[in-house]
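Please read these points with the structure open beside you.

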Amino acid sequence: MYAKKNIRFLIILLSVSSLLLSATAAKADQNVVLRVVDQFGVDIPASTIQVQGQTVPTGSSILLPEGTYVFTVIPANTHPALLSRTENAAVLNTTTELAFEWITSEVTLRMEDQSGVEIPGTRFKVPPFGDQIITGDVLAMPITDENVYPTISGNYIDGYDFDLLVGTGGSIGHPARLHRTEGAKEVTETTTEITFEWITSEVTIRLEDQWGVEIPGSRFKVDSYGDQIYNDDVLTFPITDETVYPTMGGYFTDGYDFDLLVGLGGAIGHPVWLHRTEGAKEVTETTTDIVFEWIQHQCALELRDTAYQTVSGSTVVLPSPFPSYTHGEVTTFPINDDIVYPGIAGNYADGYPITVEPGDIAPTSATIYFTALASGEFDPAMFDIGGNTYRLGCGPAPTPVEIVDGSLTASPLVAQLGDVIAFEASIMDGCGQIDAIWDYDDGNSDWQTDVTSPGLLTAAHTYSSAGVYTVMLGVADDCHTVGENVVVVVYDPSGGFVTGAGWIDSPEGAYKPDPSAAGKASFGFVSRYKQGATTPTGNTEFVFHAGDLHFQSSSYDWLVVNQGGSNAQFKGTGSLNGSGQYRFMLWAGDGEPDTFRIRIWEEDVAGSELDVYDNGFNQQIGGGEIVIHTN
């Protein structure tokens, strides 16, 4: 009986204990509100708390049994790696709320220039506060002071990272345009302001012509300053110098982009008329001017023919916004040559529409689109109206190309077979494109195109056979063609020699002192190269009794025997009637029949030639024989 009573008591005791334990457990699961608050007890928005593997936003409740827990407090952001700290806190059976304080400071963010003046339109990106923070805004920022919160951790333990989006043109700068990063700005209990400096430069914008003269009416578009910037306007530019701000990024890192709207006719140029782009103009601390050049022409426009002669009575009508224009009047217009300015655009990028009415076939007219080239010429260079060809002239008509007198030379003038002969000549002036041709008189020639004037033309040639060659240089431009020639001698010392003796009937006019003198004239000659010699030896005599003329050679310059051995030519010096120094040249033909010609002349101190005798052509001999000996 006693045992049964004990067992019964034990069962009752266990039941009571179980009830007591159940009642105790139910009381320990507390519904606790977790909060992250500032020093004034106000919840810090977007804060969270982590405990027991759960993350709850500030102001949310969570069931927790009684006990002591490690809480991770994350203020004003949701990423645990940004800014957090740990706190130990106990949950009792009476706990309904746990509030964790995180001191905040009301911080004013500013962007100022080097003079301490705020840069309007500037804003900031500050994780986790977003990118709509404008300079001068006040933010309530949780402090990042480890002395106050020794268990602090996260990326912002040493301060917040800032992305500075500098204002441009008084408006909010686009984040991709010009910005830089600044990191680790500490916030303490006493922090009231964080100020960043961005150096600015006051820059004058100018558009000038090639002479440094400002082009009136010009204006600019500069992202993001708008398109109402005029010549000589001063803009305040944040600098784009990466050596000063190495963490810079965005479109304007390497400089601002400009759209140049060139002034036309003294009026403000409309952006679709004629404009071009220029990119990456760097602004540094010392930049005070940004100057662009646009080449202009100032000249009298007129209609001309193919030889650059003015077609009188013509009219030329220029497009708006040029003023009314009179043919031949001086006007100024910017070039629209996209080879010079590849970023050019607008209605006039492909040419000015110029209406032309020629004075010689009026009232016929046509509208031609002209591109004004930097050279002062136009493209197209020539055009047709009513079956006639014209060109548009700008300024004085160019002088036709000329070969400078006396500049055509050959070196050497007398060359041994196989030697290279060098030619050169100087040219000047020119109408349009200049081309040149060297004709070497042996079936070969060389062309030179797009010759520069003034300039030196050069050529070189090697002949394959002995002979006397007249080398012609022809130069042509759009106006005319001009030519000069020089005679060169190519001899072959091993090519043979010539002998001759006999007479001719000297014609009237051959003897220059007495053109009426005529009759029999006798000749005898021999000319040959000795072995290894570069000048020939021999003797030549010519006697014309009617003129009392007796010529005797004293030396030879050269001897040329043609490849076929039927003709020979030699040149030298001699005397008349035993005195003086005269030049001569003799042509000898060995054929059916034999032929003979001799020219004798005197040279004055200036190099001018005065003929004494010349029978003038390869004349059939009256008697005797001419023999060309080949080796």
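**Notes on the side chains**

1. F570 is buried, with a relative accessible area of 0%. This is a predicted model, and the values here are computed from it. F584 is likewise buried, at 0% relative accessibility. The ring centres of F570 and F584 are 6.1 Å apart and the planes stand at 80°, so this pair is edge-to-face. F570 belongs to strand β45 (residues 567–576) and F584 to strand β46 (residues 579–589), so the pair ties together parts 14 residues apart in sequence.

2. F570 and F584 also belong to one aromatic cluster, together with Y511, F523, F525, F542, F544, F551, Y556, F596 and Y613. Over the whole structure, 37 aromatic pairs are found. One of them, Y491 with Y529, is stacked, with 5.2 Å from centre to centre and 15° between the planes. This pair links distant parts of the chain: Y491 is in strand β40 (residues 481–491), while Y529 is in the loop between β42 (519–528) and β43 (537–544), 38 residues apart.

3. Leaving out residues up to four places away in sequence, F237 touches I199, T200, S201, V203, I205, V222, Y225, Y256, F258 and V283.

4. How many disulfides does a search of the whole structure find? There is 1, and it joins C299 to C394 with an S to S distance of 1.7 Å. The link is left-handed, with -90° about the S-S bond. C299 sits in strand β23 (residues 296–304) and C394 in strand β31 (residues 388–394), so the pair ties together parts that are 95 residues apart in sequence. C299 is buried, its relative accessible area being 7%.

5. Side chains of opposite charge can pair when their charged atoms come close. The count here is 15 salt bridges. R180 and E182 form one of them, at 2.9 Å from N to O. R180 is buried at 3% relative accessibility, whereas E182 is partly exposed at 24%. The charged end of R180 also sits over the ring of W198, 4.7 Å from its centre.

6. R276 and E278 form a salt bridge whose closest N and O atoms are 3.0 Å apart. E278 is partly exposed, with a relative accessible area of 23%, and R276 is buried, with 3%.

7. R599 and E609 meet in a salt bridge of 2.8 Å, N to O. R599 lies in strand β47 (residues 595–603) and E609 in strand β48 (residues 609–614), so the pair ties together parts 10 residues apart in sequence. R599 counts as buried at 17%, while E609 is partly exposed at 46%. Elsewhere, salt bridges that share partners join R206, E214, D232 and D289 into one network. The charged end of R599 also sits over the ring of W601, 4.0 Å from its centre.

8. T595 is another residue of strand β47, and it counts as buried at 17% relative accessibility. Apart from neighbours within four places in sequence, T595 contacts W587, A588, G589, N618, Q619, Q620, I621 and I626.

Conventions:
Residues are numbered from 1 along each chain as its sequence is written. This is a predicted model: local features need pLDDT of at least 70, side-chain atom pairs count only at pLDDT 80 or more; totals for chains, interfaces and linings use all residues. Side-chain values use heavy atoms; hydrogens and water are left out. A salt bridge is a side-chain nitrogen of Lys or Arg within 4 Å of a carboxyl oxygen of Asp or Glu. Buried means under 20% relative accessible area, exposed over 50%, partly exposed in between (1.4 Å probe, protein chains only). Helices (H or I, at least four residues) and strands (E, at least two) are DSSP runs, numbered from the N terminus. A disulfide is a pair of cysteine sulfur atoms within 2.5 Å. Contact means heavy atoms within 4.5 Å. Rings of Phe, Tyr and Trp (its six-membered ring) pair if their centres lie within 6.5 Å; planes under 30 degrees apart count as stacked, over 60 as edge-to-face and the rest as tilted. A charge sits over a ring if NZ of Lys or CZ of Arg is within 6 Å of the ring centre and within 35 degrees of the ring normal.
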